[in-house]
Amino acid sequence: MGNFLSITKSAANHIRKIMEGGAGKALRIGLKKGGCAGMEYTMEYVDEVSESDEVIEVDGAKIIIAPTAEMFLFGTKIDYESG
């Protein structure tokens with residue numbers, strides 16, 4: 001797993017289930033201009049991985065970090081709760 005991002009088992013399980021349902025081969029996290037701080041995070045399921053992307057795999061869930069988002073995600077923890 002990358003040094004800058006952690007993913008809980010709950011989040012990994014949820015991402016993997018969505019992938020198994022045909023949404024895509026990986027969840028890609030990126031950035032786009034907008035929002036009150038000038039940037040917004042984006043999340044989308046994709047079928048292809050770019051050579052410049054950072055790939056993190058946890059319990060069968062594949063997460064791709066776009067190069068432009070890496071420094072903004074340092075220390076981030078991805079979790080999932082239903083309710």
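**Close-up views of a predicted model**

**View A. Met 71 is exposed, with a relative accessible area of 67%.** Here exposed means over 50% relative accessible area, buried means under 20%, and partly exposed lies in between (1.4 Å probe, protein chains only). The model is predicted: local features need pLDDT of at least 70, side-chain atom pairs count only at pLDDT 80 or more, and totals for chains, interfaces and linings use all residues. Residues are numbered from 1 along each chain as its sequence is written, and side-chain values use heavy atoms, with hydrogens and water left out. Met 71 is found in the loop that connects strand E5 (61-65) with strand E6 (76-78); strands (E, at least two residues) and helices (H or I, at least four) are DSSP runs numbered from the N terminus. Together with Met 39, Tyr 41 and Phe 72, Met 71 makes up a nonpolar surface patch whose accessible area totals about 460 Å². Patch members have over 30% relative accessible area and no salt bridge; like charges are joined within 9 Å, and nonpolar side chains (Val, Leu, Ile, Met, Phe, Trp, Tyr) within 5 Å. Accessible areas come from the Shrake-Rupley method with a 1.4 Å probe, and for residues only the protein chains shown count as cover.

**View B. Arg 16 and Glu 20 form a salt bridge, with their closest N and O atoms 3.5 Å apart.** A salt bridge is a side-chain nitrogen of Lys or Arg within 4 Å of a carboxyl oxygen of Asp or Glu, and by this rule there are four. Both residues belong to helix H1 (residues 9-20), where they are four residues apart, about one turn of the helix. Is Glu 20 buried or exposed? Glu 20 is exposed, since its relative accessible area is 60%, whereas Arg 16, at 22%, is partly exposed.

**View C. A salt bridge joins Asp 53 to Arg 28, the closest N and O atoms being 3.1 Å apart.** This pair connects distant parts of the chain, 25 residues apart: Asp 53 is in the loop between strand E3 (39-46) and strand E4 (54-58), while Arg 28 is in strand E2 (residues 26-33). Asp 53 is buried because its relative accessibility is 10%. Arg 28, at 23%, is partly exposed.

**View D. Strands E2 and E3 pair antiparallel over eight bridges.** Two strands pair if DSSP finds at least two bridges between them. Gly 30 faces Thr 42 of E3, and Thr 42 is partly exposed, with a relative accessible area of 24%. Thr 42 also lies 9.9 Å from Ala 66, C-alpha to C-alpha, although 24 residues separate them in sequence. A salt bridge is formed by Lys 32 and Glu 40, with 3.9 Å between the closest N and O atoms. Lys 32 is partly exposed at 44% relative accessibility, as is Glu 40 at 33%.

**View E. Strand E5 is largely enclosed by the rest of the structure, because four of its five residues are buried.** Three bridges link E5 to E2, and these two strands run parallel; Leu 27 has Ile 63 in E5 as its bridge partner. E5 is also joined to E4, in the antiparallel sense, by five bridges, with Glu 57 opposite Lys 62 in E5. E4 and E5 form a hairpin with two residues between them, and Asp 59 in the turn has a positive phi of about 50°.

**View F. The largest nonpolar core contains 18 residues, and Ile 7, Ile 63 and Ile 65 have the most contacts inside it.** At least two residues of this core come from each of strand E1 (5-7), H1, E2, E4 and E5. Which element gives the most to this core? H1 does, with four residues. A nonpolar core is a set of buried Ala, Val, Leu, Ile, Met, Phe, Trp, Tyr and Cys residues joined through side-chain atoms within 4.5 Å. In soluble globular proteins, nonpolar side chains tend to be buried together.

**View G. The mean pLDDT of the chain is 88, and 94% of the residues score at least 70.** pLDDT is the predictor's confidence in each residue, from 0 to 100. Confidence in the chain is highest in H1, at a mean of 95, and lowest in E1, at 87.
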